Amino acid sequence: MNRQEVVRGTGAAPGIGIGSAWIWDGGPRRASPAGSGQDPAGEWERFQAAKERVSEQLEGLKMRLAAEGHAGEAALFDAHRLMLEDPALLGPIRERIEAGAAAEDAAAGAAEELAKVFAAMDDEYFRQRAGDVRDVGWRIVQELTGARQTAPPADGPWVIVARDMTPSQTAELDLTTVAGIVLEGGGAMSHAAILARARGLAAVTGAGPLLGRVAPGELVIVDGTRGEVILHPGANTVARYRRQAGQASAARRRPSDPHPAATADGHRIMVAANIASCDEAGWAAEAGADGIGLFRTEFVYMNRHKPPPEEEQVEIYRRVVAAMGSRPVVFRTLDAGGDKPIPSLGLEAESNPFLGWRGIRFCLDRPDIFKPQLRAMLQAVPEELWLMFPMVSDPGEVRRARELLAEAEQELRDAGLPVARSVRVGMMVETPAAAMVVDRFVPWVDFFSLGTNDLVQYVLGVDRTNPKVSGLYQPAHPAVLKAIAHVIEVGRRENRWVSVCGELAGELPFVAFFAGLGVNELSVAPDRIAHVKGFIRSIRREDALAAAQEALAAPDGAAAMTVLETCCRVARPPEDGARQ
Ligand code: PEP
Ligand code: MG
């Protein structure tokens with residue numbers, strides 16, 4: 001009997017993890033030694049000693065992350081060390097000890113009480129900090145009781161299945177044995193999720209009740225890119241995911257493919273990377289990306305109480321540009337809203353967030369937030385700045401955004417600040433409106449970037465976050481292929497650079513489709529770069545074009561998919577002299 005089950009959550013860190021379930025119950029079991037609590041002075045001393053040890057551990061974690069190149073995330077543990085000295089935590093611990101509690105009970109109780117105060121706050125940023133307080137409290141209790149949560153043994157790969165995880169637990173995971181993380185709770189904005197992303201661990205959060213449904217050691221697949229967890233996977237599913245995971249890890253083992261990619265018959269396609277942070281820019285550069293095709297700048301605004309100040313943005317953007325050297329970086333302006341609520345921007349819950357106040361719509365209404373970002377980008381790039389606007393549906397939006405850009409430029413000149421020598425303005429094509437009348441946008445932009453993640457869901461009217469309709473989310477549906485083909489055709493005719501930056505850009509059957517129709521650039525996750533380049537070299541443009549045309553004429557998505565997959569299977573290995 002096929003028991004396979006797909007559980008949908010939030011894709012908190014991209015990638016695929018396949019491994020045996022390691023059920024993690026979250027924290028230490030508390031057991032106060034008999035008689036403790038009778039000696040408050042002694043208990044306070046025990047607590048102080050444990051606190052010192054925890055402080056050293058946190059310093060160690062910080063060094064470990066910094067050594068892995070995650071300086072930003074490492075700073076989190078400075079915040080945890082400060083928490084260890086915070087009177088809001090120490091005061092109640094001392095009071096409890098003086099009232100006769102054992103040190104571990106006092107620490108656990110006081111941390112939980114403070115965490116609840118945070119958790120009840122309206123502000124999402126502070127709510128997320130509840131997890132940090134619990135983390136610190138948990139470490140102290142662990143030190144006092146010696147009851148350490150057992151980490152998975154070395155004979156992985158393991159997929160951690162837990163209610164929730166603390167940032168420090170995530171930072172401690174051994175990347176050689178852990179393949180992925182599934183959390184029943186948690187959000188993509190929690191620090192645990194951020195650390196998983198930074199460390200390249202596939203993670204799905206918010207997967208709902210799971211602990212009772214997965215037995216220890218049972219095979220679990222985590223698809224952090226799609227936000228899916230596959231329980232009791234069938235043999236075909238496992239084989240398919242192993243192929244994908246193998247491709248990704250092969251790309252990681254071969255981190256550098258800095259050579260240009262052209263089809264076997266000589267058509268050059270730039271293969272760039274999608275990133276969301278400075279760390280990922282370094283990763284992309286190592287992977288041999290020809291540039292950054294999509295820098296999701298909204299991630300710079302996450303996990304903060306206030307939007308990042310202009311000067312700090314300049315610094316971050318400069319670091320990304322520096323990581324890429326002479327290779328171009330396409331900055332996407334803030335794309336808040338939809339599935340990316342950013343509390344510090346004051347976006348309220350909406351009944352239809354994907355159709356609501358998001359992307360360029362929000363930015364045009366909030367020049368106080370938009371202009372500092374534009375100024376920061378203009379200052380960060382000395383030569384040619386490439387920037388693009390998300391969620392555009394009307395040419396007027398691009399015109400207005402360009403006016404604000406011109407104002408930002410003038411303000412910098414007036415203030416005697418550095419300004420990019422030239423600017424290339426582009427737009428994401430991710431609404432059906434933009435795709436259908438893409439020619440109307442030609443006078444206002446230098447390039448188009450197809451955002452297929454959103455385009456597919458808008459064209460088909462299928463919310464890809466809703467498991468009830470996920471079967472209808474068919475990227476090869478004739479309507480989607482037709483919309484994409486139209487955009488590429490107009491771009492070629494009008495001499496506009498066309499890129500694809502949605503997830504489809506890294507899926508080989510679609511790479512064949514895009515290559516056949518003649519896109520200029522594919523922008524993919526850094527760990528797909530080498531693989532996509534290798535595949536491009538293995539196909540001939542004319543074969544890919546024939547497959548694309550056949551797919552476009554196919555009666556439905558399934559038939560089109562078959563055509564494109566067949567094209568991949570018959571793709572030839574690179575010809576003599578072509579680089580692999
Ligand atoms: C897209 O929609 O395809 C895209 C790249 O944007 P995001 O995934 O950030 O919405
Ligand atoms: Mg999008």
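Guide: Strand S11 (292-296) and helix H16 (452-460) each contribute at least two residues to the shell around ligand 1; helices (H or I, at least four residues) and strands (E, at least two) are DSSP runs numbered from the N terminus. The model is predicted: local features need pLDDT of at least 70, side-chain atom pairs count only at pLDDT 80 or more, and totals for chains, interfaces and linings use all residues. Residues are numbered from 1 along each chain as its sequence is written, chains are lettered from A and ligands numbered from 1 in the order in which they are written, and side-chain values use heavy atoms, with hydrogens and water left out.

Visitor: Which element gives the most to the shell around ligand 1?

Guide: That is H16, with 3 residues.

Visitor: Which residues come nearest to ligand 1?

Guide: A residue is near a molecule if one of its heavy atoms lies within 4 Å of it. Of the 13 residues around ligand 1, the nearest are Arg296, Arg332, Lys340, Gly451 and Asn453.

Visitor: How are polar contacts read?

Guide: For a ligand, one looks for a pair of N or O atoms within 3.5 Å. The side chain of Arg296 has an N or O atom 2.8 Å from an oxygen atom of ligand 1, and the side chain of Arg332 has one 2.8 Å from an oxygen atom of ligand 1.

Visitor: What of the helix packing?

Guide: Axes are lines fitted to C-alpha atoms over the stretch in contact, and angles run from 0 to 180 degrees between N-to-C directions. Helix H17 (residues 478-493) packs against helix H18 (residues 508-517) at about 35°, with axes 10 Å apart. Contact means heavy atoms within 4.5 Å; Leu481, Ile484, Ala485, Ile488 and Arg492 of H17 meet Phe510, Phe513, Phe514 and Leu517 of H18.

Note on methods:
A polar contact is a pair of N or O atoms within 3.5 Å; within protein, one must be able to donate a hydrogen and the other to accept it, and residues adjacent in sequence count only if both atoms are side-chain atoms.
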